[in-house]
Amino acid sequence: MPRTQPSARKTPRRIRRLHVVGLLFVVAAIAAALGFRSQNASSSSAAPSLNPPRSEQPFALGEAGGAVPDGVTVFDDGYPAVAKLRPDLLRALRAAATDAAEDGVKFYVNSGWRSPERQNQLLREAVSKYGSEDEAARWVATADTSPHVSGDAIDIGGSNATEWLSEHGAEYGLCQIYRNEPWHYELRTDAIARGCPRMYADPTQDPRMQQ
């Protein structure tokens, strides 16, 4: 009996079947790749919320909490550190700054009003820096006692500004309060007539800090 030749139709069917399987494999691979890329994109877009840049620090610790960039002066109302100072203190500072400008001196603000959260952050940093709460207290008060939180104190930047205030500040009621902080000034209206009161060695000597 003669051998029957294989049907010519079988080969194309196998090829088509192989093509279909291969095509399905390629489609699955592409779908997997697109899914991975989409997942990656989602992860990337979420990353900033996990690691916010400095300009997106928590509300109470950034500028809204009293932080100030370089170059801010006592006339810059756009910063809460300035705008939230006590009005009488701010008036005295601006009067002094206006007169100091005639001597070529500008009052920069290193720190003014602070939120309680920012004050506590600064205190934690001071404890880490100085090694103990007792030593940190010589430089940073608690949020409950700090005159910065109440808007009653300002830290003036620039050695020429603090030198000018040490000589003329009493005329405006502006007094250095702590001997170890030549930049820290508060309003003492009696100083206009009587001169500034005797300075404390540091904040730990201030009765207000003993609350």
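Helices here are DSSP runs of H or I, at least four residues long, and strands are runs of E, at least two, both numbered from the N terminus. With that settled, on to the model. It is predicted: local features need pLDDT of at least 70, side-chain atom pairs count only at pLDDT 80 or more, and totals for chains, interfaces and linings use all residues. Residues are numbered from 1 along each chain as its sequence is written, and side-chain values use heavy atoms, with hydrogens and water left out.

The overall picture. The chain has seven helices and four strands. In sequence order the pattern runs α-α-α-β-α-α-β-α-β-β-α. There are 211 residues, and 34% of them are buried. Buried is under 20% relative accessible area, exposed is over 50%, and partly exposed is in between, with a 1.4 Å probe and protein chains only. Take contacts, meaning heavy atoms within 4.5 Å. Of those between residues at least 6 apart in sequence, 57% join residues at least 24 apart.

Now the interior. A nonpolar core is a set of buried Ala, Val, Leu, Ile, Met, Phe, Trp, Tyr and Cys residues joined through side-chain atoms within 4.5 Å. The largest one has 26 residues, and Phe107 and Leu174 touch the most other members. Helix 2 (80–83), helix 3 (87–101), strand 2 (153–157), helix 6 (159–168) and strand 4 (184–187) each give two or more residues. Helix 3 gives the most, with seven. Apart from this core lies another, of six residues, including Ala141, Cys175, Tyr178 and Ala191.

Back to Leu174. Beyond its neighbours within four places in sequence, its contacts include Leu89, Ala92, Leu93 and Ala96. Cys196 is also among them.

That brings up the disulfide. The term means two cysteine sulfur atoms within 2.5 Å. There is one in the structure. Cys175 pairs with Cys196, S to S 2.0 Å. The link is left-handed, at -85° about the S-S bond. Cys175 sits in strand 3 (residues 174–176), and Cys196 in the segment after helix 7 (191–194), 21 residues apart. Cys175 is buried at 0% relative accessible area. Cys196 is partly exposed at 33%.

Last, the second largest pocket. Its lining has 14 residues, with Ala137, Val140, Ala141, Thr142 and Met209 nearest the centre. Helix 4 (116–130) and helix 5 (133–136) each supply at least two lining residues. A pocket is an open set of points on a 1 Å grid over the protein atoms alone, where a 1.4 Å probe fits, with protein on both sides within 12 Å along at least five of seven lines; lining residues have an atom within 4 Å of a point.
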